[in-house]
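Good morning. Please have the sequence and the model open while I talk, and stop me if you lose your place.

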Amino acid sequence: MAELPVYRWRLAPDGYATRRQLRSAGLRPGGQDVAAQLERPRRRRGPLVAYLYRIDLARPVRPMTPARWAALAKANAARRICPACRRDAGYVIPTALGTCTPCAYPDPDRSEGNT
């Protein structure tokens with residue numbers, strides 16, 4: 001495997017972009033391998049690394065189809081359903097809690113009959 005060219009932060013030549021930069025331009029890597037990498041030095045840890053892709057090999061982003069929109073809506077709705085009480089929480093349930101806030105932190109003063 002060939003070594004990737006490494007550039008310092010903000011000093012990459014024209015014609016390269018990160019995934020985010022490609023996406024903001026309406027492009028995607030399109031199956032190409034990483035062409036280069038950026039490194040930003042840090043004091044007490046290893047450098048931050050960003051992978052770069054060639055813009056001339058990038059392809060346009062595929063448009064969302066009605067089936068994709070439906071699948072995305074279904075997945076987002078599933079993230080709002082509490083696994084403990086099976087109710088729609090009205091927000092995306094944090095993965096750290098795993099349940100909606102009332103199930104994660106039940107109110108000891110409130111009786112179960114008064115919902």
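Tryptophan 69 is found in helix α2, residues 66-80. Helices here are DSSP runs of H or I with at least four residues, strands are runs of E with at least two, and both are numbered from the N terminus. Together with Met64 and Leu72, Trp69 makes a nonpolar surface patch of about 310 Å². A patch takes residues with over 30% relative accessible area and no salt bridge; like charges are joined within 9 Å, and nonpolar side chains (Val, Leu, Ile, Met, Phe, Trp, Tyr) within 5 Å. A salt bridge is a side-chain nitrogen of Lys or Arg within 4 Å of a carboxyl oxygen of Asp or Glu. Accessible areas come from the Shrake-Rupley method with a 1.4 Å probe, and for residues only the protein chains shown count as cover.

A word on the source: this is a predicted model, in which local features need pLDDT of at least 70 and side-chain atom pairs count only at pLDDT 80 or more, while totals for chains, interfaces and linings use all residues. Residues are numbered from 1 along each chain as its sequence is written, and side-chain values use heavy atoms, with hydrogens and water left out.

Now the sheet. In what order do the strands of the open sheet stand? The order of the 4 strands is β1-β4-β5-β2, with mixed pairing. β1 (6-8) and β2 are at the edges with a single partner strand each, so one side of each has no neighbour in the sheet. Two strands pair if DSSP finds at least two bridges between them.

β1 pairs with β4, residues 36-40, in the parallel sense over 3 bridges, and tyrosine 7 stands opposite leucine 38 in β4. Leucine 38 also has a bridge partner in β5, alanine 50; β4 and β5 run antiparallel and are joined by 5 bridges.

Next comes threonine 18, in the loop between β2 (16-17) and α1 (19-24). Is threonine 18 buried or exposed? Threonine 18 is buried, with a relative accessible area of 16%; buried means under 20%, exposed over 50%, and partly exposed in between, using a 1.4 Å probe and protein chains only. Beyond its neighbours within four places in sequence, threonine 18 is in contact (heavy atoms within 4.5 Å) with Ala50, Tyr51 and Leu52.

Last, the whole chain: 3 helices and 6 strands, with 16% of the 115 residues buried.
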